[in-house]
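Here is a briefing on a two-chain complex, arranged by topic. Please look through the sequence and the structure before reading on.

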Amino acid sequence: MPQVRIIAKNFMDMVAALPAMKLDKLYENAFICEAILRSLPPLAKKYVLQMLCIEVPVTAKSMEEWVLPDGVSKHRVAIDRLIQLRIFTETVDRKRETTYTLNPIFQTNLKKLLLYGVVLPREPMPSNVTVRLPSSEDLEAFALEQWECFLLQLINSSQIERPSNISSSMMKIFQRGLLSQRDKEAPRLTESGFQFLLMDTNAQLWYIIREYISNSEERGVDSADLISFLLELSFHVTGEAYNINTLTEVQKNTIKDLADLGLVKLQQGRKDSWFIPTRLATNLSVSLTDSSSRKQGFVVVETNFRLYAYSTSKLHCEILRLFSRVEYQLPNLIVGAITKESLYSAFENGITADQIISFLQQNAHPRVAERVPSVPENVTDQIRLWETDLNRVEMTPAYHYDGFPSRDLFEGASDFARGYNALLWEDPEDSKKMSLVVKAENHVHMREYLSRQRQ
Amino acid sequence: MASAPSKLYADDVSLLMVLLDTNPFFWSSSSLPFSVFLSHVLTFLNSILLLNQLNQVVVIATGYNSCSYIYDSSTSTNQGSDNGRMPARCVNLLQKLEEFVIKDEQLIKEGLREGIASSLLSGSLSMALCYIQRVFRSGPLHPQPRILCLQGSSDGPEQYVAIMNAIFSAQRSMIRIDSCYMGSSNSAFLQQASYITGGVYLKPQQPNGLFQYLSTVFATDLHSRAFLQLPKSLGVDFRASCFCHKKTIDLGYICSVCLSIFCKHHKKCSTCGSVFGQAQSDVNSTSNKKRKTPET
């Protein structure tokens, strides 16, 4: 899905768009350096590594010597990105030679990482204090449940069991763009809302986090601080407990919101309280790159258009309901059918056939994922055909002219309309009736032309 | 055999198999001390793991008598650094390395061999290939593998057949073998390995700056190599070793059935058992001698 890419890129653009001062401050944190490095295009990563131990400026010419003719565009992209993120500083000296130097703060931080290895942002709490740590399965389940609960609330589903603690104003912000609210009507998902639901979890998470960050200034939180905290969080070890007192006041407030999203689990001990990062949090920096998450699929599509989804999730059911008719639900199985009617309602809501197909393919059950193609060809073809069915008739507002006094005038008018590329239809030559159909937007020109001819 | 790289994975995710030469005979005579070499390599490993969170590094020690896996980034956790400055990753690796070297030394005492003190490269190459095959079979999602030989000791002609077999199976599975040779003269085996598999062979001119060589040349992922000008080897030594005395030879005899190479004329091929006609061989030996150096 192309949307995923755009969102991940937008986040980096967001970092790149920070003012220079803030960006430099951001690089003081070694974790940010690491996360940023990992998000770079492969060639840019290599350049950074290559420059790491070079203190003097390197000329652009000597860097270009490494590049094969095929790779010039990639080279440009990499260098531009590095300059945009202020990792490289470009200077042009008196002899018109361009040189690059690595950002010194970034350089020292990365060198430290290389020499001493990656150190954790904060030490986990000793196990004798934290007695009831959840197992990794429990934690995973918690994160998923929390995230689904949030999503269900986001799409205003009637299926919510317990509302999360996210304030309604915050929810409104998240819903902006995803839901459209008309007066006295239940809010409906917009086109982008549907597309959002079909994305994978990481991409969804980034969408929400991005909204959360861009909104931070209104809540009086510095967006650079927030970005650095979120990135730092992604380097914690999943399932370990970290003392909440090591956080600043702002971070403490943030972490409560993050707990509602399922990024961390908060626990209260006798004296201290602590937070446990879940996989969602540690995947934050993963989704910065283009790599897709390795989630296990659950959908089996059969050649008879039946759909079996091995899932207990209500959210999955809601998503499937978007484009299929859910026939029955067992505790761990949802059975549905892809029908013409169900697809038409999906298309009406702005979901495209490709999105549905890629959703089915990405979430294919491991048993069928091995097969090529994972979704039967007759099903994918039919989905596409039904979509093109809807696009068979194209509507163009037009005007119909007839009753021309002479053949010459008629032909002149049709040539004139053709000149504007506006002629939609004209009577065949041999026909006695002289009439033509012209696009409505060119009616003014036509009228002028005809009145001129009459004089 | 050739496994198609998965499109779902990011382009630059790599699995790097590092074959580390620990041959004591070489390092005792080397200008670059082993400790300095090791610190360069450790920094390099750190940098590979830093570049992408899905990158994986496996280190295999190539000893004099044995070889062994000493580090795998996918299984070792990055926790519990007890002595402040040293990260857990290095501590684990160094500990395993020490155990390996001691064990390898004991094996030397048991059966001291005469001749060139070469390392067991064929063994570690095969281990690396086995590991990669296992990764290939683990599922459709896997990082792009490559092998990096950090070799110092000179070639052991007795391993010729085993090494060539390993190289060809790497070629079949489209695994590149990079080699960084630290010894004084060039290594024909590694030159051939990199040439055949499309990897990079490099002999650092200044071993003290090893990290710069490693990070500039060998850290380049397979995806980026398509756009970059990497060092090309000027000439490759294609000489083979004979099967009978394991000597490197320029001219020799080839079995017309199984292509085994011999330095002397034999009545019967020791590999496939074909009986050679010998009518003219004694009379006109020069015409029967075949140039065995392949030109390609």
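Axes here are lines fitted to C-alpha atoms, and angles run from 0 to 180 degrees between N-to-C directions. On that basis, helix 7 of chain B runs at about 160° to strand 5 of chain B. This helix lies across strand 4, strand 5 and strand 6 of chain B. The model is predicted. The predictor gives the complex an ipTM of 0.79 and a pTM of 0.69.

**Chain make-up**

- Chain A has 21 helices and 15 strands.
- Of the 455 residues in chain A, 33% are buried.
- In chain A, 64% of the contacts with a separation of 6 or more join residues 24 or more positions apart.
- Chain B has nine helices and 11 strands.
- Of the 296 residues of chain B, 41% are buried.
- In chain B, 68% of the contacts with a separation of 6 or more link residues 24 or more positions apart.

**The six-stranded sheet of chain B**

- Six strands of chain B form an open sheet in the order 3-2-1-4-5-6, with mixed pairing.
- Strand 3 (67-72) and strand 6 (201-202) of chain B are the edge strands, and each pairs on one side only.
- Strand 4 (residues 144-151) and strand 5 (residues 176-181) of chain B run parallel and are joined by six bridges.
- B:Gln151 has B:Tyr181, in strand 5 of chain B, as its bridge partner.

- Strand 9 (residues 251-254) and strand 10 (residues 261-262) of chain B run antiparallel, with two bridges between them.
- These strands form a hairpin with six residues between them.
- In the turn, B:Leu259 has a positive phi of about 65°.
- B:Tyr253 has its bridge partner in strand 10 of chain B, namely B:Phe262.

**The three-stranded sheet of chain A**

- Three strands of chain A form an open sheet in the order 6-8-7, with antiparallel pairing.
- Strand 6 (242-243) and strand 7 of chain A each have a single partner strand, so one side of each is left without a neighbour in the sheet.
- Strand 7 (residues 264-268) and strand 8 (residues 273-277) of chain A are joined by five bridges and run antiparallel.
- Strand 7 and strand 8 of chain A form a hairpin with four residues between them.
- Strand 6 and strand 8 of chain A are joined by two bridges and also run antiparallel.
- A:Trp274, in strand 8 of chain A, is the bridge partner of A:Gln267.
- A:Trp274 is also the bridge partner of A:Asn243.

**Helix 17 of chain A**

- In helix 17 (residues 353-362) of chain A, the residues A:Ala353, A:Gln355, A:Ile356, A:Phe359 and A:Leu360 are buried.
- Seen down the helix axis, these buried residues fall within an arc of 165°, so they line one face of helix 17 of chain A.
- An α-helix has 3.6 residues a turn, so residues three or four places apart point the same way.

**Nonpolar cores**

- The largest nonpolar core has 154 residues.
- B:Met17, B:Val18, B:Leu19, B:Ile60 and B:Leu148 have the most contacts inside this core.
- Beyond four places in sequence, the contacts of B:Ile60 include B:Met17, B:Leu19, B:Tyr69, B:Ile70 and B:Met127.
- A second, separate core has eight residues, among them A:Phe410, A:Ala413, A:Ala422 and A:Val438.

- B:Ala219 lies in the loop between helix 7 (210-218) and helix 8 (222-225) of chain B.
- B:Ala219 counts as buried because 21 other C-beta atoms lie within 10 Å, and the cut-off is 20 or more.
- Leaving aside neighbours within four places in sequence, B:Ala219 is in contact with A:Lys46 and A:Leu49 of chain A, and with B:Ser47, B:Ile48 and B:Leu214 of chain B.
- B:Ala219 and B:Ser14 are 205 residues apart in sequence, and 9.9 Å apart from C-alpha to C-alpha.

**Confidence in chain B**

- The mean pLDDT of chain B is 81, and 82% of its residues reach 70 or more.
- Over residues 79-84 of chain B, pLDDT stays under 50, and the model has six contacts there beyond four places in sequence.
- Over residues 281-296 of chain B, pLDDT is below 50, and this stretch has 17 contacts in the model beyond near neighbours in sequence.
- Where pLDDT is low, the predicted coordinates should not be read in detail.

Technical notes
Residues are numbered from 1 along each chain as its sequence is written. Chains are lettered from A and ligands numbered from 1 in the order in which they are written. This is a predicted model: local features need pLDDT of at least 70, side-chain atom pairs count only at pLDDT 80 or more; totals for chains, interfaces and linings use all residues. A residue is buried if 20 or more other C-beta atoms lie within 10 Å of its own, exposed if 12 or fewer, and partly exposed in between; C-beta atoms are placed from the backbone. Two residues are in contact if their C-beta atoms, placed from the backbone, lie within 7 Å. The arc is that of the directions from the helix axis to the C-beta atoms. Two strands pair if DSSP finds at least two bridges between them. A nonpolar core is a set of buried Ala, Val, Leu, Ile, Met, Phe, Trp, Tyr and Cys residues joined through C-beta atoms within 7 Å. pLDDT is the predictor's confidence in each residue, from 0 to 100.
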